[in-house]
Amino acid sequence: MDTLTRLEDTIAQRRRAAPETSYVASLSARGLPVIARKFGEEAVEAVVAALAEDREELIGEAADVLFHLLVMLAEKDVSLADVMAELDRREGVSGLEEKANRTS
Ligand SMILES: N=c1c2ncn([C@@H]3O[C@H](COP(=O)(O)OP(=O)(O)OP(=O)(O)O)[C@@H](O)[C@H]3O)c2ncn1[C@@H]1O[C@H](COP(=O)(O)O)[C@@H](O)[C@H]1O
């Protein structure tokens, strides 16, 4: 099982934990707006790290982004497999073609 799939499983389990004992459960208890905001903050922190050309910071922030994305997807009952299926669908289609499909 790959890292993201293992993390998705862990998040699914930890959402049911007591919020005092789990960061995932505490986020879930605070609800989707907080989770979505947290994801946005982590994305901005990753952008700042990228622009600062701080490689180690960027790796850490990218990990935070992926973790908080999975928490947000879990909250919306969207699985990693759903997202991977969408990426698989796009495989072999040029990015420009995909863009044209979206705007037509
Ligand atoms: N991968 C992560 C992970 N990445 C980041 N974080 C947490 O995400 C938070 C990042 O938020 P910030 O640094 O911005 O600040 P903060 O003030 O602590 O957060 P807020 O109070 O603002 O929400 C930190 O508390 C990190 O500990 C994570 N917390 C948990 N996991 C994974 O989730 C598993 C389950 O964790 P629990 O739910 O805590 O058992 C862990 O074993 C890990 O595998």
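1. Packing of helix 3. The buried residues of helix 3 pack against helix 2 and helix 4. Those residues are Ile35, Phe39 and Ala46. Down the helix axis they fall within an arc of 40°, so they line one face of helix 3. The arc is taken over the directions from the helix axis to the C-beta atoms. On the other side, Pro33, Arg37, Val44 and Leu51 are exposed. Buried means 20 or more other C-beta atoms within 10 Å of the residue's own, exposed means 12 or fewer, and partly exposed lies in between, with C-beta atoms placed from the backbone. As background, an α-helix has 3.6 residues a turn, so residues three or four places apart point the same way.

2. Basis of the model. This is a predicted model, in which local features need pLDDT of at least 70, side-chain atom pairs count only at pLDDT 80 or more, and totals for chains, interfaces and linings use all residues. Residue numbers start from 1 along each chain as its sequence is written.

3. Overall layout. The protein has six helices and zero strands. Its pattern along the sequence is α-α-α-α-α-α. Helices (H or I, at least four residues) and strands (E, at least two) are DSSP runs, numbered from the N terminus. The C-alpha trace spans about 50 × 35 × 30 Å along its principal axes. Of the 104 residues, 12% count as buried. Take the contacts between residues at least 6 apart in sequence: 45% of them join residues at least 24 apart. A contact means that the C-beta atoms of two residues, placed from the backbone, lie within 7 Å.

4. Length of helix 3. Helix 3 covers residues 32-51, which is 20 residues. From first C-alpha to last it reaches 29 Å, close to the 28 Å expected at 1.5 Å a residue. The expected span is 1.5 Å times one less than the number of residues.

5. Nonpolar core. Which residues form the largest nonpolar core? There are eight: Ile11, Val24, Leu27, Ile35, Phe39, Leu70, Val71 and Ala74. Helix 2, helix 3 and helix 4 each give two or more residues to this core. The largest share, three residues, comes from helix 4. Such a core is a set of buried Ala, Val, Leu, Ile, Met, Phe, Trp, Tyr and Cys residues joined through C-beta atoms within 7 Å. In soluble globular proteins, nonpolar side chains tend to be buried together.

6. Ligand shell. The residues around the ligand are Leu7, Thr10, Arg14, Ser22, Tyr23, Val24, Ala25, Lys38, Asp64 and Phe67. By class, the shell has five nonpolar, two polar and three charged residues. Ala, Val, Leu, Ile, Met, Phe, Trp, Tyr, Cys and Pro count as nonpolar, Asp, Glu, Lys and Arg as charged, and the others, Gly among them, as polar. Helix 1 (3-14), helix 2 (23-30) and helix 4 (55-75) each supply at least two residues of this shell. Val24 is listed both in the shell and in the largest nonpolar core.

7. Positive phi in two loops. Glutamate 53 is not a glycine, yet its phi is positive, about 55°. Glutamate 53 is found in the loop between helix 3 and helix 4. Glutamate 53 counts as exposed because 8 C-beta neighbours lie inside 10 Å. Aspartate 77, also a residue other than glycine, has a positive phi near 60°. Aspartate 77 sits in the loop between helix 4 and helix 5 (80-90). With 7 other C-beta atoms within 10 Å, aspartate 77 is exposed.

8. Glutamate 57. This residue lies in helix 4. Is glutamate 57 exposed, partly exposed or buried? Glutamate 57 is partly exposed, because it has 15 C-beta neighbours inside 10 Å. Leaving aside neighbours within four places in sequence, glutamate 57 is in contact with Ala49 and Ala52. Glutamate 57 and alanine 36 are 21 residues apart in sequence and 22 Å apart in space, C-alpha to C-alpha.

9. Proline 19. The loop between helix 1 and helix 2 holds proline 19. With 14 other C-beta atoms within 10 Å, proline 19 is partly exposed. Leaving aside neighbours within four places in sequence, proline 19 is in contact with Ala25, Ser26 and Ala29.

Definitions and conventions:
Near = placed C-beta within 6 Å.
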